[in-house]
Amino acid sequence: MLAGTINWVWGLRQACQRLGYQLVLSTRRAQWVDVRHVMDLEVAQRRRAWEALSVCPRTCQSEGAAKCTYWRWFARAPRQQERLQIFRQRHSLRRIGNYLRYRLGCSILPVVMGRRDSTPRHLRHCQQCSTVAVGDERHLVFECPAVQHICNYHSNLFWDGQSMRGFVNQTDQAAVMDFIVACFDSFIQIDSGTL
Ligand SMILES: [Zn+2]
């Protein structure tokens with residue numbers, strides 16, 4: 001392959017350079033590529049993009065708010081790369097779907113639904129309690145008095161100083177899912193007047 005020729009090798013070298021990996025092209029001998037190192041550089045680059053997002057989903061600007069919410073409140077720590085255990089257990093699709101929608105920030109919570117009609121974020125109040133707080137994912141878990149009885153029932157999932165990422169990424173994912181699904185079921189019962 002001739003150095004300077006625009007071909008796939010040239011594209012590979014450009015991509016490596018963008019990651020900070022210098023790939024020297026030679027027509028005389030093959031060049032080994034440290035694939036593991038290149039992949040580590042690519043992961044580090046993607047991680048920097050996430051970490052550049054605002055610190056708090058509640059105060060970040062609207063653009064990128066969903067990404068910010070995922071990164072700050074739901075993303076698994078690097079040591080938690082194993083597949084979610086709920087996929088290896090028997091759970092109904094409805095329960096798994098409700099839980100995953102919550103974790104992916106596309107649930108029926110006011111903070112999510114308000115995006116559809118462009119309701120200002122500070123006006124996306126929780127409809128289940130009288131706190132006039134924004135009905136976001138954190139409010140559901142740690143603040144909403146309407147689900148206090150469910151928190152009490154699942155008290156083993158809570159401890160002092162707990163973070164959102166710590167809560168949702170607990171080892172017992174089935175128990176976390178039980179809590180989240182129970183909260184949404186409770187909301188539906190309240191809305192339908194059966195509770
Ligand atoms: Zn509430």
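**Figure 1. Contacts and overall dimensions of the chain.** Of the contacts in the chain between residues at least 6 apart in sequence, 42% join residues at least 24 apart; two residues count as being in contact if their C-beta atoms, placed from the backbone, lie within 7 Å. This is a predicted model, in which local features need pLDDT of at least 70 and side-chain atom pairs count only at pLDDT 80 or more, whereas totals for chains, interfaces and linings use all residues. Residues are numbered from 1 along each chain as its sequence is written. The C-alpha trace spans about 75 × 40 × 30 Å along its principal axes. The radius of gyration of the chain is 23 Å, whereas a compact globule of 195 residues would have a value near 16 Å; this quantity is taken over C-alpha atoms, and the globule rule is 2.2 Å times the number of residues to the power 0.38. Buried residues account for 19% of the 195 residues. A residue is termed buried if 20 or more other C-beta atoms lie within 10 Å of its own, exposed if 12 or fewer, and partly exposed in between, with C-beta atoms placed from the backbone.

Figure 2. The chain contains nine helices and zero strands, giving the pattern α-α-α-α-α-α-α-α-α along the sequence. Helices (H or I, at least four residues) and strands (E, at least two) are DSSP runs, numbered from the N terminus. Domain 1 covers residues 8-51 and domain 2 covers residues 69-192, with bounds that come from an automatic or database domain assignment. The C-alpha centres of the two domains are 39 Å apart.

Figure 3. Most residues other than glycine have a negative phi. Ser118 lies in the loop between helix 5 (110-116) and helix 6 (137-143), and is exposed because 8 other C-beta atoms lie within 10 Å. Val132 is likewise found in the loop between helix 5 and helix 6. Val132 also has a positive phi of about 60° although it is not a glycine. With 9 other C-beta atoms within 10 Å, Val132 is therefore exposed.
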